[in-house]
Amino acid sequence: MKNEKQATIILGGGLTGLSAAYHGGYTVYEGEEQIGGTCISPTVDGYTFDLGIHVLHTKNKYVLRLLQDKLGVNLKTQTRKAWIYSSGKLTRYPFQANTFGLPVPLVKSCLISFVENYCKQKNNKNSEYYNYEQWLIATFGEAIAKHFMIPYSEKFWTVHPRQITTEWLGTRIPLPSLEEVIEGALADQKKGFGPNATFRYPRKSGISAIPDEFHKSGIHVINNKKAVKIDLYNKEVFFFDGTKVNYEVLISTIPLPELTKLTSAPKDIAMESRRLKYNSILCVNIGINNDKLNDNHWIYYHEKKYSFFRISFLKNFASSLTPRGKSSITAEISYSKKKPIDKKNIGDTVVKDLIHAKVLTKKDKIDLIDVRDIPYGYVIYDYKRVECLKKLKKYFESHSILCAGRYGNWEYQWMDDAILDGKKVAAEAKGIEKVARKQKSRHAKL
Ligand SMILES: Cc1cc2nc3c(=O)[nH]c(=O)nc-3n(C[C@H](O)[C@H](O)[C@H](O)COP(=O)(O)OP(=O)(O)OC[C@H]3O[C@@H](n4cnc5c(N)ncnc54)[C@H](O)[C@@H]3O)c2cc1C
């Protein structure tokens, strides 16, 4: 068995691992043939799809400088065109700021309960929310919560919002003012809300342009190195191809439950990792022999009768994603152990739903149906998460394993967070290496 020895190594070549390699100069061991993790953009019959459309909406100057100036990712800035389909009508995203065009009784109830809540909140500034459902009702009122927020959340997260906390919110949910809610009920309000009101997207190659440019910068990545076992005591990673590598520090960006399975961690640690909850995303990619469907970026669907929670129109992100004269759609479907789906005929189901939602017509010729699974989609912030994480990270750190990234840190991270997390963990590894070197030279002198 071939054995290599390195001080710090990285497991996983998604954005976190690539960024850790860029900033720390370490080798990445990636299990797949391709780098990028959830930021890959496979091309099939001339159609390129992301694993669920990925847009860069960072405001972080360091990340923007790194990607655009240092790595040379060719990004185009765009103004988001996002909609919500409900009651047979399209309204602008976000729902809470754009009820104009919905049935009048519905708009009226949304406005009344928003105003009622607004007055309540004004008099009660110190309110605490025990779960996401409570926060939704307290922030937007019963009607907005009932008509969009709660059903959409349940469809997306696959668990009811009362089962999740509010720790992940940050700036993710737009908070329009009272004036904006009223304006958006009376007229078609074109104002952009939320962190991705404008975003950047690569002109070519889909979102995989980002990991590709990291790779081209000269970092050392070894592909087809799926870790199958980690010996925590001898500090060795064993790979699927029969090779192994020793480490002093292991940066792990693979999902925490997978990392735990690779080790002989004690039962209580294994149990904690099984408590971590997440949803999975099935991406149904459709190639259509139709030059132009519309000029939108994406549409959300909260109603149960549609299989998907969101559909995206790839051509409107970059014309390079579709062959000339064609269009394409990615439909994203959430599932989990709690809410399984039948994957067998999912392509036909999605096409039927697209016709039902008047996105396609029966006359549209379908060129291609390509289904991609993302088993680890979004981390679910349930009540056990923080406690589980504390125990798991403490255990792995005691074995010189630093967990990082969206699934290593078990957080709702975006691409910029993953890049920054990679930078941070590389610096941590450098710090540990420095202390170890000092200790070694002290021992040598004794
Ligand atoms: C559906 C979806 C849509 C998203 N949309 C956006 C968006 O619009 N904007 C945005 O900013 N962010 C978006 N994100 C988030 C973004 O994709 C992530 O934050 C980021 O890509 C995470 O990178 P990572 O390196 O932490 O994890 P990953 O990309 O998962 O990388 C982990 C790597 O580890 C490898 N690996 C796993 N097991 C092993 C093993 N045993 N041995 C070796 N290697 C292994 C995997 O193959 C993978 O390459 C989205 C995520 C999803 C799932």
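The model is predicted, so local features need pLDDT of at least 70 and side-chain atom pairs count only at pLDDT 80 or more, while totals for chains, interfaces and linings use all residues. Residue numbers start from 1 along each chain as its sequence is written.

**Exercise 1. Describe the overall build of the protein chain.**

Solution. Start with the secondary structure: the protein chain has 13 helices and 20 strands. Helices (H or I, at least four residues) and strands (E, at least two) are DSSP runs, numbered from the N terminus.

Next, take the extent. The C-alpha trace spans about 80 × 55 × 45 Å along its principal axes. A compact globule of 446 residues would have a radius of gyration near 22 Å, and the 24 Å of the protein chain agrees with that. Here the radius is taken over C-alpha atoms, and the globule rule is 2.2 Å times the number of residues to the power 0.38.

Then turn to the domains, whose bounds come from an automatic or database domain assignment. Domain 1 takes in 3-38 + 207-276 + 382-445, and domain 2 is 82-186. Their C-alpha centres lie 39 Å apart.

**Exercise 2. Which residues of helix 10 are buried, and what covers them?**

Solution. First, the cut-offs: a residue is buried if 20 or more other C-beta atoms lie within 10 Å of its own, exposed if 12 or fewer, and partly exposed in between, with C-beta atoms placed from the backbone. In helix 10 (residues 346-356), the buried residues are Val350, Val351, Asp353 and Leu354. They sit on the same side of helix 10 because they cover an arc of only 165 degrees around the axis; the arc is that of the directions from the helix axis to the C-beta atoms.

Now look at the other side of helix 10, where Asp348 and His356 are exposed. The cover over the buried residues includes strand 15 (278-288), strand 18 (327-335) and strand 19 (366-379). Contact here means C-beta atoms, placed from the backbone, within 7 Å. Finally, step past the end of helix 10 to Lys358, whose phi is positive, near 65 degrees.

**Exercise 3. Is Leu56 buried or exposed?**

Solution. Locate Leu56 in the loop between strand 5 (47-48) and helix 2 (61-70). Count next: Leu56 has 22 C-beta neighbours inside 10 Å, so Leu56 is buried. Leaving out residues up to four places away in sequence, Leu56 touches Leu75, Phe199, Arg200, Tyr201 and Met415.

**Exercise 4. Which residues come nearest to the ligand?**

Solution. Of the 35 residues around the ligand, Gly12, Gly14, Gly37, Gly52 and Gly405 come nearest. Two or more residues of the shell come from each of helix 1 (15-24), strand 19, helix 12 (405-408) and helix 13 (415-445).

**Exercise 5. Where are Ser205 and Trp410, and what is phi in each?**

Solution. Ser205 is in the loop between strand 9 (198-202) and helix 7 (209-216), with phi near 75 degrees. Its 19 C-beta neighbours inside 10 Å make Ser205 partly exposed.

Trp410 is in the loop between helix 12 and helix 13, with phi near 55 degrees. Since Trp410 has 26 C-beta neighbours inside 10 Å, Trp410 counts as buried.

Note on methods. Contact = placed C-beta atoms within 7 Å. Near = placed C-beta within 6 Å.
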